[in-house]
Every structure is written in C-alpha cells, then in structure tokens.
Amino acid sequence: MSTESIITPASSRQEFAAGVVHCLPIVAGAVPFGFLLGSLAAKAGLSALDMGLMSALVFAGSSQFVAVELLDKGSAGLAVVGAILLVNLRHLLMGATLEPRFRGIPRAKAGLALFFMTDEQWALALRRGPDLTLAYWYGVAATLYLAWLASTVAGTLAGALIADPAAWGLDFTFIAVFLCLLAGFWRGVGSLPPWLASGAAALAVHALSPGGTWHIIAGALAGGAVAALQARGQGRARDA
C-alpha cells in the first residue's frame, strides 16, 4: 500500500465503499458475537458505559472475552491488562505480514490505521493484495468498528434478558466467523501444513495449560514458522 495508489477523491470514495461492502458479511457474524460479549459483561457487573469504553479503546473481541471472564472472577486490574496484552501479541505477527503494504505511509498514519487491525480486518487486507489502499482499509475499519461498538453496548443493555446465550446459538458465532475467514485463505492442499501445525500447537498447549491464553500465541507462532519454512523452500526451488 502506498500513498501513490490513492489518486483522486473519487477513487478514494470508491475504495472506501468497496471496503464497506466487503466487510458486511463479517459484520453479520460480528454483531451477534458482540451482543454475546455485552451480555456476558452485564452478568459480570459491567455497565453499558464500561462496555462501550472497552470496545472503543481495546477493540479486540477475543481479548475482551478474556477480560470480561477475569473481571467476573474478581481478578486484579493488572492481571486483566496483562491477559489482554498476551492475547493480542499475535498482532505483532499479523502487522509484520502487512509491512510491505504499508511502505511509503507516514508512521503516524500507519500507527493510527493499525489501531483498527483485527483478525477480520487483517484477512481482508491480505486478500486485497498489493491493491490495498488506506481508503479501503478505513472502509472496512469504520464499518466493523461501529458495528462492534453498537453490538457490545446493546448486548450489555439487554444482558439481563438472555439467561443462556448458548441456547440462542450465539456462542457459535466466534467459530463461524473464523471458519469463514479460514476458508478464504484456502489455496489447495499446500495450505494445510501451517493450519495443522497451528492447530496442533494450540491444542497441545491448551491441554497443558487449560484456561490460559498461551495456546493462542503457540498456535500463531507454530503456524507462522511452518509457513515461513514453506515459503523459503519454495523460494529455493525456484532458484534451483
């Protein structure tokens, strides 16, 4: 991504609109996911204002679920912050993959844009490829950010009305969203090794440390390492 790829205000509007449209299917899954989070937050004693501030400042669904669970158990504030940082360490790896697309963008602008990076935003950015622009990025970001903020606050307000979120199938939305994102990265059997390595590492670490968050980092590192080895092997094969 470079500033040269954004040529006119008209093209920027088109790119922004494309980002909005491409994000709509994700919003369809994120809204019930956010509603579920808000419902759990209400049961943990958080107000709609608390939830709104968390969603606006953290804007990371998986770590927010962990934070709400810890708050419900009465954990200390530092423990909650530490858990959020741990779960979001994967963003370092995700951001590294986007570095080629952010070359030429001033650091301040790039930093602001990366605040809105989520798993879904990252996936759409990679699928956009070298044609990624800031206008497209913010089209996705604005749509997902506003939908997430509204759904989590609405879920908190209505939290007392839902005694068992699982009975409504809301607990499956997290899995459904990420299965759809994963399907978008399918490139044949060659795609499997990183996925298998990531899944195996995450399951192994979770079995050793149930209830923790290290399995997320383990899965990300294992999958990334195998993907890097694959890319290096393919590069050597081309050079041979």
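Where does Gln121 lie?

Author: Gln121 lies in helix 7, which covers residues 119-128. Helices are DSSP runs of H or I with at least four residues, strands are runs of E with at least two, and both are numbered from the N terminus. The model is a predicted one: local features need pLDDT of at least 70, side-chain atom pairs count only at pLDDT 80 or more, and totals for chains, interfaces and linings use all residues. Residues are numbered from 1 along each chain as its sequence is written, and side-chain values use heavy atoms, with hydrogens and water left out.

Gln121 has a relative accessible area of 2% and is therefore buried (under 20% is buried, over 50% exposed, and in between partly exposed, with a 1.4 Å probe and protein chains only). Within helix 7, the buried residues are Asp119, Glu120, Gln121, Ala123, Leu124 and Ala125. Apart from residues up to four places away in sequence, Gln121 touches Phe116, Trp137, Val140 and Ala141, where contact means heavy atoms within 4.5 Å. A further pairing spans the sequence: the C-alpha atoms of Gln121 and Cys23 are 8.3 Å apart, although 98 residues separate the two along the chain. After helix 7 comes Gly129, which has a positive phi near 70°.

Trp137, one of the residues touched by Gln121, also takes part in a contact between two helices. These are helix 6 (residues 107-115) and helix 8 (residues 134-157), with axes that come within 10 Å and cross at roughly 35°. Axes here are lines fitted to C-alpha atoms, for helices over the stretch in contact, and angles run from 0 to 180 degrees between N-to-C directions. The crossing is left-handed, a term for a near helix turned anticlockwise from the far one by less than a right angle, with clockwise giving right-handed. From helix 6, Lys109, Leu112, Ala113, Leu114 and Phe115 take part, and they meet Leu134, Trp137, Tyr138 and Tyr145 of helix 8. By class, eight of these residues are nonpolar, none is polar and one is charged (Ala, Val, Leu, Ile, Met, Phe, Trp, Tyr, Cys and Pro count as nonpolar, Asp, Glu, Lys and Arg as charged, and the others, Gly among them, as polar).

Gln64 lies in helix 3, residues 61-72, and is buried at a relative accessible area of 1%. With residues up to four places away left out, Gln64 touches Leu37, Met51, Met54, Ser55, Val58, Phe59 and Trp148. Helix 3 is paired with helix 2 (residues 48-57): their axes come within 11 Å and cross at roughly 145°. Met51, Met54 and Ser55 of helix 2 make this contact with Gln64, Ala67, Val68 and Leu71 of helix 3. Five of the residues in the contact are nonpolar, two are polar and none is charged. The handedness of this crossing is right-handed.

Phe59, which Gln64 touches, sits in the loop between helix 2 and helix 3. Phe59 counts as buried, at 3% relative accessibility. Its phi is positive, about 50°, although Phe59 is not a glycine. Most residues other than glycine have a negative phi.

Leu89, in the loop between helix 4 (77-87) and helix 5 (90-98), is partly exposed, with a relative accessible area of 39%. The C-alpha atoms of Leu89 and Ala220 are separated by 9.4 Å, and the two residues are 131 apart along the chain. Gly219 belongs to helix 11, residues 214-239, and is buried, with a relative accessible area of 4%. Beyond its neighbours within four places in sequence, Gly219 is in contact with Ser198, Ala201 and Ala202.

As for the whole, the protein chain has 11 helices and zero strands. Of its 240 residues, 42% count as buried. Among contacts between residues at least 6 apart in sequence, 77% join residues at least 24 apart. An unreviewed UniProt entry lists several spans as "transmembrane region", among them residues 49-68 and 74-93. Residues 49-68 are 85% helix and 0% strand, and the end C-alpha atoms lie 14 Å apart. Residues 74-93 are 75% helix and 0% strand, with end C-alpha atoms 31 Å apart.

Technical notes: UniProt positions are given in the numbering used here, feature names are shortened, and annotations may be inferred rather than shown by experiment.
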